[in-house]
Amino acid sequence: MTKDLEYYKKLKYGVKLEPISEEDGNGWLAEIPELKGCMSDGETQEEALKNIEEAKMAWILTALKRELTIPLPRSEDNDEYSGKFTLRLPKSLHKELSLAAQKDAISLNQYILSLVALNFGKNFRSSETHTTSSQKPSKSRSQ
């Protein structure tokens with residue numbers, strides 16, 4: 001199969017849409033993360049989304065002319081993420097987590113999942129608050 005402009009037009013790339021701060025002129029910034037540097041903006045979300053489609057076509061056309069590799073969109077049901085990963089931790093921490101899970105009458109897996117989800121949610125809300133202000137997002141130390 002020849003991968004030409006028509007082929008790439010049919011692919012559904014995810015778009016990251018973010019508000020532009022007042023000091024930077026307001027509006028919305030649209031970006032396609034898989035296509036490095038492919039971004040556009042607009043006064044409204046709708047305008048930014050329309051403009052990113054034009055930018056995507058220009059990006060792909062340029063890449064085709066230069067015979068560059070064009071990344072495919074990430075699939076939502078990507079096989080790369082199974083929902084499982086191996087985690088190594090000190091025996092003492094393993095013991096403390098196991099005891100805490102027993103105390104709550106849940107499995108160790110469920111206990112750790114709840115801790116990760118809770119902490120991830122806190123960090124996500126915190127970074128959202130910082131992103132919408134004129135400050136840069138804060139970095140989490142718990143990485």
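**Sheet, helix and surface**

Modeller: Strands E2 and E3 run antiparallel and are joined by 4 bridges. Strands (E, at least two residues) and helices (H or I, at least four residues) are DSSP runs, numbered from the N terminus. This is a predicted model, in which local features need pLDDT of at least 70 and side-chain atom pairs count only at pLDDT 80 or more, while totals for chains, interfaces and linings use all residues. Residues are numbered from 1 along each chain as its sequence is written, and side-chain values use heavy atoms, with hydrogens and water left out.

Biologist: Which residue stands opposite alanine 30?

Modeller: Serine 40 in E3 stands opposite alanine 30.

Biologist: What order do the strands of the open sheet have?

Modeller: The order of the 3 strands is E1-E2-E3, with antiparallel pairing; two strands pair if DSSP finds at least two bridges between them.

Biologist: Why is one side of E1 and of E3 left without a neighbour in the sheet?

Modeller: E1 and E3 (39-42) stand at the edges and each has a single partner strand, so one side of each lacks a neighbour in the sheet. The twist averages 20 degrees from one strand to the next.

Biologist: What does H2 touch when it packs on the sheet?

Modeller: H2 touches E1, E2 and E3, and its direction makes about 150 degrees with that of E3. Axes are lines fitted to C-alpha atoms, for helices over the stretch in contact (heavy atoms within 4.5 Å), and angles run from 0 to 180 degrees between N-to-C directions.

Biologist: Which residues is lysine 56 in contact with, leaving aside neighbours within four places in sequence?

Modeller: Those contacts are Lys9, Leu11, Tyr13, Ile32, Leu35 and Cys38.

Biologist: Turning to the loops, where does glutamate 67 lie?

Modeller: Glutamate 67 lies in the loop between helix H2 (45-65) and helix H3 (91-103). Although glutamate 67 is not a glycine, its phi is positive, at about 55 degrees, and the residue is exposed, with a relative accessible area of 72%.

Biologist: And what is the phi of asparagine 26?

Modeller: The phi of asparagine 26 is near 65 degrees, a positive value in a residue other than glycine. Asparagine 26 is in the loop between E1 (16-19) and E2 (28-31), and is partly exposed at 42% relative accessible area.

How values were computed:
Buried < 20%, exposed > 50% of the residue type's maximum accessible area, 1.4 Å probe, protein only.
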